[in-house]
Amino acid sequence: MSSPMTAGEVLEREYLEIRAKILQLAASFDRLDRSGGDYRQDPRLGLIQQGLQLVADESCPDRAEKVQLVFSREFSENWREELGLEISRS
Amino acid sequence: MYYIDPHIHMVSRTTDDYETLARMGCVALSEPAFWAGFDRGSVESFRDYFRQLTDFEKNRADQFGIQHFTWLCINAKEAENVELSRQVIEMIPEFLDLPGVLGIGEIGLNKNTRNESTIFMEHVDLAVHHDQQILIHTPHLEDKYQGTRMILDMLLSNDHVDPSRVLIDHVEEHTVEPVLAEGFWAGMTLYPISKCTPQRAADIIEMYGPDRLMVNSAGDWGPSKPTAVPDFIIEMRRRGHGEQLIRKVVYENPVEFFQQSKGFVFEPPELPEAKTIET
């Protein structure tokens with residue numbers, strides 16, 4: 001199933017919204033720069049930068065899913081053992 | 001368009017909200033048991049809460065022609081108190097045969113801990129033992145992917161769980177595929193900041209189709225919008241999607257899922273658009 005709208009129609013509808021969101025991001029980074037203290041060592045900044053790179057990568061399919069994973073804790077198949085839970089199958 | 005909100009915490013909302021929901025076309029809703037914003041101190045607190053869900057809230061909804069259904073459990077946020085959780089689990093069967101009770105929920109994980117996992121599995125055993133449907137909360141933000149995978153792992157390791165009778169809620173772009181692929185139902189919660197927007201929910205419908213997918217407001221005492229489902233309806237219409245597709249997501253799918261519970265005695269509104277499926 002796909003969108004009933006053409007790419008042109010989507011862009012027409014969302015251009016100003018995308019522009020506004022980019023401006024909001026730019027203003028947020030300006031605000032960080034103007035504020036006292038150094039935030040550049042904060043690990044969250046690295047996640048934000050990874051997210052921005054994904055958004056700008058035209059060759060990346062499913063960008064929303066990929067961005068979600070950037071901001072997610074990893075899953076370990078051995079999570080039960082790591083939590084000390086019995087491996088029970090019923 | 002008539003619609004059903006399959007996940008909303010009306011005990012936290014005003015009577016004015018019921019009126020607004022009725023004006024927007026909401027004909028039924030289901031209310032999972034939830035965290036009160038603070039940890040309750042005793043099993044009697046939960047007994048009173050379950051009375052509120054199964055009695056008082058149903059009557060409040062009835063005043064506006066909205067049919068109220070509910071789910072019972074102790075929320076994952078309170079599962080760190082294992083002793084209290086087990087007392088609540090032992091008490092829940094007192095309420096399971098009351099009208100409008102759909103099953104066990106919203107159980108799940110919050111910070112993906114050992115105690116949360118233990119209580120989650122004991123809730124699942126309770127549901128299986130009493131032939132109940134299950135409604136599941138998946139964690140927020142950075143914990144969602146890991147927690148959803150843990151939940152799937154626990155459900156799939158229990159041979160007595162029927163995925164077609166389980167709704168896994170708050171799915172987003174990175175969790176919807178594994179949930180649907182294993183045969184479970186999936187809910188998308190329309191919280192703009194911490195979960196999904198109406199636009200992204202519409203994207204997910206376009207990518208995965210409408211089968212076994214629902215949308216809900218999960219309106220509660222925090223920042224949330226009880227009329228979020230109509231926002232999704234409008235977004236779908238603005239994109240040019242047909243009324244039949246939209247109705248399947250916001251009305252027919254909840255009815256199809258809920259009617260697997262014996263507590264779902266539903267009277268469809270008397271308009272042709274609402275009578276497209278037999279109940």
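Apart from neighbours within four places in sequence, Val250(B) is in contact with Tyr3(B), Ile4(B), Val215(B), Val229(B) and Ile233(B); two residues are in contact if their C-beta atoms, placed from the backbone, lie within 7 Å. The model is a predicted one, in which local features need pLDDT of at least 70 and side-chain atom pairs count only at pLDDT 80 or more, while totals for chains, interfaces and linings use all residues. Residues are numbered from 1 along each chain as its sequence is written, and chains are lettered from A and ligands numbered from 1 in the order in which they are written.

A residue is buried if 20 or more other C-beta atoms lie within 10 Å of its own, exposed if 12 or fewer, and partly exposed in between, with C-beta atoms placed from the backbone. Helices (H or I, at least four residues) and strands (E, at least two) are DSSP runs, numbered from the N terminus.

Strands pair if DSSP finds at least two bridges between them. Strand E3 (residues 67-72) of chain B runs parallel to E4(B) and is joined to it by 3 bridges, with Gly103(B) as the bridge partner of Trp71(B). E4(B) also pairs in the parallel sense with strand E5 (residues 133-137) of chain B, over 4 bridges; here Gly108(B) stands opposite His137(B). Together, E4(B), H4(B) and E5(B) form a right-handed β-α-β unit, right-handed meaning that, with the strands pointing away from the viewer, the path from the first strand over the helix to the second runs clockwise.

Some backbone details deserve a look. Most residues other than glycine have a negative phi, and most peptide bonds are trans. A cis peptide bond, with omega about -10°, joins Gly105(B) and Glu106(B), and Glu106(B) is found in strand E4 of chain B. In the loop between E4 and H4 of chain B, Asn112(B) has a positive phi of about 60°; Asn112(B) counts as buried, with 22 C-beta neighbours inside 10 Å. Arg212(B), in the loop between H7 and strand E8 (213-216) of chain B, likewise has a positive phi, near 60°, and is buried, with 20 other C-beta atoms within 10 Å.

In helix H3 (residues 82-91) of chain B, the buried residues are Leu84(B), Ser85(B), Val88(B) and Ile89(B). They span an arc of only 140° around the axis, which puts them on the same side of H3(B); the arc is that of the directions from the helix axis to the C-beta atoms. Exposed Glu83(B) and Glu90(B) are carried on the face turned away from the buried side. Cover for the buried residues of H3(B) includes helix H2 (43-62) and H4 of chain B.

Finally, the contact between the chains takes 22 residues from chain B and 20 residues from chain A. On the chain B side, helix H4 (114-129), helix H5 (144-156) and helix H7 (198-208) are the elements that give two or more residues, and H5(B) gives the most, with 5 residues. The residues on this side divide into 2 nonpolar, 9 polar and 11 charged, where Ala, Val, Leu, Ile, Met, Phe, Trp, Tyr, Cys and Pro count as nonpolar, Asp, Glu, Lys and Arg as charged, and the others, Gly among them, as polar.
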